[in-house]
Amino acid sequence: MKIKVKLIAAFILISLIPLILVSVISTHKAQKALKESIKTNLSNLAKEKAAAISFIIEARIEEAELLASTPAVKFAAQEANIAYINMDADEIQGSITIVDKEWIGSKGETKKANSILNNVLSKNLINYQNSNREKYGEIFITDIKGATVAMTKTLSDYYQADEEWWKYVFYDKGDKFVDDRGFDASIGALAMGIVVPVKDNEKVIGILKINYKIKEILEIVSRNRIGETGFISLIRSQGEALADSRVISERELSDVEKKTLNEKEAGHTEDLHAGQKTIMGHAPIGTEIFTRVHSPGARKGIWGERWETTIWRLFIDVDQSESFAIINNLRYLVIIIVIIVISLVIGAALLISGSISVPIRALQKGTEIISGGNLDYKIEILAKNEIGQLADSFNTMTKDLQKTTVSRDYVDNIFRSMADILVVIDSDTMIRTVNQATVNLLGHSEDELRGKPFDMIIAKDEEELLRRPGIEDLIKKYFVSGIEKTYLSKTGEKIPVIFSCSVMQDDNGKIQGVVCVASDITQRKLLEESLASEKEHLSVTLYSIGDGVIATDDKGNVVMLNKVAEELTGWTQDEASGMELSEVFHIINPNTRKIAENPVDMVLEKKKTVELANNTTLIARDKTVRIIADSAAPIHDKDNNIIGVVLVFRDVSERKQLEDEKQNMQLKMMQSSKLASLGEIATGIAHEINQPLTYINSFVFRLQENLENGVIKKDVVIDELKTANNQIARITNIINHLRTFGRTDDMEKEQVNIETALNNTLLLMGERIRLRNIELKKNITPDLPMLPGNPNQLEQVFINLFQNAIDAFPSKPTNAELIVDMSLSNDKESVIIVVADNGIGVDQAIMDNIFDPFFTTKEVGKGTGVGLSIVYGIITEHNGSITCESDAGKGCAFTIMLPVSAKA
C-alpha cells in the first residue's frame with residue numbers, strides 16, 4: 001500500500017473517532033439543555049399570560065371598589081336606609097315583598113322600577129357604563145335590606161337579598177365576591193360578576209354589583225398563537241373550558257390536564273392531545289372566583305343552588321415535533337459538520353501526503369545517487385519542513401564531502417542545531433542519538449536517553465508504531481510523516497507533536513536505524529480546543545436566548561437570525577441570508593406610519609450602540625404587527641474596525657397594552673381625586689365668590705335708593721361701577737378656572753409656568769387657608785424657567801399637599817404657618833419646590849408608607865389614602881422626585897424637584 005493511501009487512512013481514523021465521540025456527547029448535552037430551556041420558557045409564558053389575566057380581574061375589582069366608595073353611591077344607599085328607621089322587620093320585609101311581587105309580575109314595568117331607572121344615580125351609572133360598552137355589562141346597587149336603589153337596566157326582580165352572592169358579601173365576609181357567570185343573556189356575552197360592599201366608616205350600608213364582559217380576558221387566549229401547532233386554553237377547575245385559541249366546538253381535557261387543574265403552582269410537563277405528543281406549560285389565575293352549581297330541581301335564589309370556589313388555569317400546549325425542531329436541526333448540523341471535517345481531513349491528508357511522499361522519494365533517490373559516489377548530485381526539495389531541512393543538510397554534506405572527510409562531530413552539530421525534536425533509534429527501537437531540542441523539551445539529559453528504549457518517551461497508547469511488529473511495518477514503508485503523536489516528559493507531562501520518521505539503510509539494504517523528527521504543537525492544540533468550545537457555547541447560547549437576534553455585515557446585509565427572530569419576522573435563516581436588513585426587519589413609526597430609520601445606518605453613523613424609539617412597530621412577513629423594544633450595537637474585529645451590526649429585539653405588545661390600561665386607571669383616579677378636592681374646598685370657593693357678590697348687591701341697592709331719591713353723583717357711580725366690574729371679573733376667573741380644573745384630564749404636556757400653577761391653586765384654596773387662620777408665606781425666586789408638564793396635574797399636586805397641610809392643624813390653630821419656597825437648583829437643571837407646615841408632622845415609623853396607595857393616618861371617613869400616592873405618581877410622570885422630612889409634633893416638609901427640560 002502506498003504511503004499516500006496509508007496517510008489518508010491514518011488521518012481519517014485519528015480524526016474521525018474523537019470527532020464522533022465529541023459530537024455525540026456535545027449533541028446529547030445540548031439536546032438536554034435545550035429541552036429543559038424550551039419547557040421552562042413555555043411555563044414562564046403561561047405564568048406571564050396568567051398574570052396578565054389576574055391583573056385585569058384585580059383592575060376590575062378596584063374599579064368596582066372605587067365606584068362603591070364615591071359620595072354619590074354612599075349617599076343613595078344612606079338615603080334609602082333612612083326609610084327603614086321607623087319600621088320594624090316585618091313591615092320592612094312586607095313592603096319589599098309587595099314591590100318585588102309587582103315588579104316580577106309585570107317584568108319591571110312599574111312606577112317603582114321606572115323611578116329607580118330614572119333617578120340621578122342610575123343615570124350616572126348608565127353614563128359610567130356607556131363610557132366603555134365593550135367592558136361593562138349591567139350595574140346595580142342595593143340598600144342595607146337588599147332592595148334595588150339604582151340600576152343601568154331593569155332587573156328581573158326588586159329584592160336581591162335572597163341571592164347567595166348578596167348574603168356572602170353582606171353577612172359572611174363583608175368583602176368582595178367574584179363569580180364566574182358564563183354566558184350572561186342579560187348582556188349577551190361571557191361575563192364575570194363582581195360584588196363589593198358600599199361602606200360608610202367601615203360599616204356596610206349597601207351592595208354594588210357590576211357584570212363585566214370578559215372579552216379582554218378571552219382575547220389574551222384567542223388572539224395569541226404559539227408557533228404552528230401551539231394552542232392556549234383557559235379551563236375552570238371543575239373541568240369546563242372558558243376559552244381556547246383554536247376554533248373547536250368542544251374542549252376535551254387530557255388526563256394530565258385533569259391532574260393539574262387544582263394545583264397551586266405553575267409548571268410544565270409532557271402531554272398527549274389527539275394522538276400528538278405535546279409540551280405543556282400551565283399556571284393558575286391567582287384571583288379566587290366562585291361558580292354557581294345547580295342541583296336537580298333547584299330554582300334561582302332558593303335551596304338547591306350552591307356556590308363553589310373555582311380556579312381558572314391557563315394551559316399552553318405545543319407539539320413536541322415543533323418544540324424540539326431545533327434539536328433535530330442540531331443533529332443535522334452536527335452530521336453536516338462531521339462530513340465537512342472528514343472532507344477537510346481527507347483533503348489535508350492528500351495535501352500533506354503529497355507534500356511528504358514527493359520530497360521523500362526525491363530524498364531517497366538522491367541518497368541512492370550520492371551513496372553511489374556521485375557527490376555532484378543536488379537533492380531538489382523546496383519544502384521548508386524537517387525533510388526539506390534534511391535535504392539541505394544532505395546537499396551541504398555532499399559539498400563538504402567533495403572538499404574533505406566529514407567528521408561525526410560535524411554531523412552531530414548539524415543535528416543539535418535543529419529547532420525540531422530529533423531522535424535516532426536502532427532496529428531494536430533503542431535510542432542512539434537525540435538533539436538539544438529533545439533534551440530541552442523532555443527534561444531528560446542526553447545520557448539519560450541514550451541506550452534507553454524509545455517507548456520511554458512515547459505515551460502508552462502511542463507505542464505500537466515503533467515496537468515490533470510495528471517497526472517491521474515501518475521498515476516496509478520506509479517512512480511515516482505528519483501524524484499526531486504524544487511524547488512523555490521526564491515529569492510525565494504529555495506533549496502533543498507532529499511526528500515524522502524515516503528508515504536509514506546501508507549499501508546492502510541493512511537497517512541502520514530510524515530518524516524521528518517531531519514538532520511541539522501544544523499551543524496549537526490548546527487554541528483548537530478553545531476555539532471549538534467557544535464555537536459550541538456561542539451556538540447553543542444564541543439559539544437559546546429569549547430575544548430576537550439578527551446579525552448583519554457592514555453593508556447591512558443579513559448574516560444570521562436566531563429562532564426568535566425567525567418567529568417575529570416570519571423569515572427563516574436560509575431565506576433571509578444575504579438580504580438587506582430593511583427587507584427582513586421592516587419597522588415603522590407607529591404615529592406617522594412612515595418607515596423608521598435603519599438601525600444599521602444609525603450604528604454605522606454614530607459608531608456606538610443605539611436604541612429605537614419607544615413603541616417602534618415591526619411588520620412581519622405575514623403582515624402581523626408587533627410593538628418591539630430594540631437595540632443595535634456594532635461588531636468589532638481585533639483591530640476595533642466595525643465589521644457588522646447585531647440587533648436584539650423583543651415583542652412588548654402585551655406590556656404596552658397593560659401600560660395603557662394602567663395609565664387610564666391613573667387618569668380616573670386623578671379625576672376622582674380632583675372631584676373630591678373640589679368638594680373639600682367648596683366652602684372656601686363659596687366664601688371667595690360671596691365677598692364680591694355682597695359688594696355688588698350693596699352697590700345695586702344703594703344705586704336704586706339714590707335713583708328713587710333723585711340723588712345721583714356721576715363720578716361716584718362710575719368709580720363704584722368700575723369696582724363692581726372688577727368684582728365680577730374676579731368671580732368669572734374663579735368659575736372659569738373651576739371649569740378648567742374640573743375637566744377630565746389627560747397626560748399631554750406643555751410648557752408650564754410653575755408660579756402660575758401655584759397662583760391658580762390659591763385661586764381655589766386661598767380663602768380656605770385664610771378661613772382656617774393659617775398664614776401663607778411664599779418665597780419665590782424671580783424669573784423661574786418654564787417646565788415641561790401638565791398644568792392641571794401640577795395644580796392637583798399643590799391642592800393635595802395644601803389639603804394635607806390644612807388637615808395637619810387642629811380646628812382652631814394658633815401661629816399656624818404654611819410656607820411655599822420655589823428656587824432654581826445650583827446646576828440650573830431643576831426647579832426645587834418646598835411645601836412646609838408647622839403642624840402635627842409625621843411619625844418616623846410610618847414615613848416609608850406615606851406614598852403608598854390607600855395608606856392614611858386620618859380618621860375613618862376623613863381620608864381615602866390616595867392623595868399622596870397621586871402626588872407621587874404625577875411627580876414621577878414628570879420625571880421628577882419628591883421626598884418628605886418630618887419631626888412628629890414639629891411639622892412636615894415636602895421637597896419636589898422637577899427637571900427644566902424634558903428627558904428623552
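Beyond its neighbours within four places in sequence, Ser122 touches Ile116, Leu117, Ala150 and Met151 in this predicted model. Ser122 belongs to helix H5, which covers residues 120-130. Its relative accessibility is 0%, so Ser122 counts as buried. Between the C-alpha atoms of Ser122 and Thr152 the separation is 5.8 Å, although the two residues are 30 positions apart along the chain.

**Overall make-up**

The protein chain contains 26 helices and 31 strands. Of its 904 residues, 42% are buried. Among contacts in the protein chain with a separation of 6 or more, 60% are between residues 24 or more positions apart.

**Helices H24 and H25**

Helix H24 spans residues 754-771 and helix H25 spans residues 791-807; their axes come within 9 Å and cross at roughly 35°. The crossing of H24 with H25 is right-handed. On the H24 side, the residues that make the contact are Ile754, Ala757, Leu758, Asn760, Thr761, Leu762, Leu764, Met765, Arg768 and Ile769. On the H25 side they are Leu794, Glu795, Phe798, Ile799, Phe802, Gln803 and Ile806. Sorted by class, the contact of H24 with H25 comprises 12 nonpolar, three polar and two charged residues.

Ile769 is one of the H24 residues in this contact. Its relative accessible area is 2%, and Ile769 is therefore buried, the limit for that class being under 20%.

**Exposed loop residues**

| Residue | Loop | Relative accessible area |
|---|---|---|
| Asn815 | between H25 and strand S28 (816-824) | 68% |
| Lys828 | between S28 and strand S29 (830-837) | 61% |
| Lys555 | between strand S18 (548-553) and strand S19 (558-561) | 65% |

Asn815 is not a glycine, yet its phi is positive, at about 55°. Lys828, likewise a residue other than glycine, has a positive phi near 60°. Asn815 is exposed, and Lys828 is exposed. Since exposed means over 50% relative accessible area, the 65% of Lys555 puts this residue in the exposed class. Lys555 and Glu580 are 25 residues apart along the chain, and their C-alpha atoms are separated by 8.3 Å.

**Aromatic rings**

How many aromatic pairs does a search of the whole structure find? The search gives 10 aromatic pairs. Ring pairs join Tyr128, Tyr136 and Tyr212 into a cluster. A ring is also involved in an arrangement with a charged group: the charged end of Arg621 sits over the ring of Trp571, at 3.9 Å from the ring centre.

Note on methods. Residues numbered from 1 in each chain as written. Predicted model: local features only at pLDDT ≥ 70, side-chain atom pairs only at ≥ 80, totals over all residues. Heavy atoms only, no water. Phe/Tyr/Trp six-rings, centres within 6.5 Å; stacked < 30°, edge-to-face > 60°. Lys NZ or Arg CZ within 6 Å of the ring centre and 35° of its normal. Axes fitted to C-alpha atoms, helices over the stretch in contact; angles between N-to-C directions. Helix = DSSP H or I, 4+ residues; strand = E, 2+ residues; numbered from the N terminus. Left-handed = near helix turned anticlockwise from the far one by under 90°. Contact = heavy atoms within 4.5 Å. Nonpolar A, V, L, I, M, F, W, Y, C, P; charged D, E, K, R; others polar. Buried < 20%, exposed > 50% of the residue type's maximum accessible area, 1.4 Å probe, protein only.
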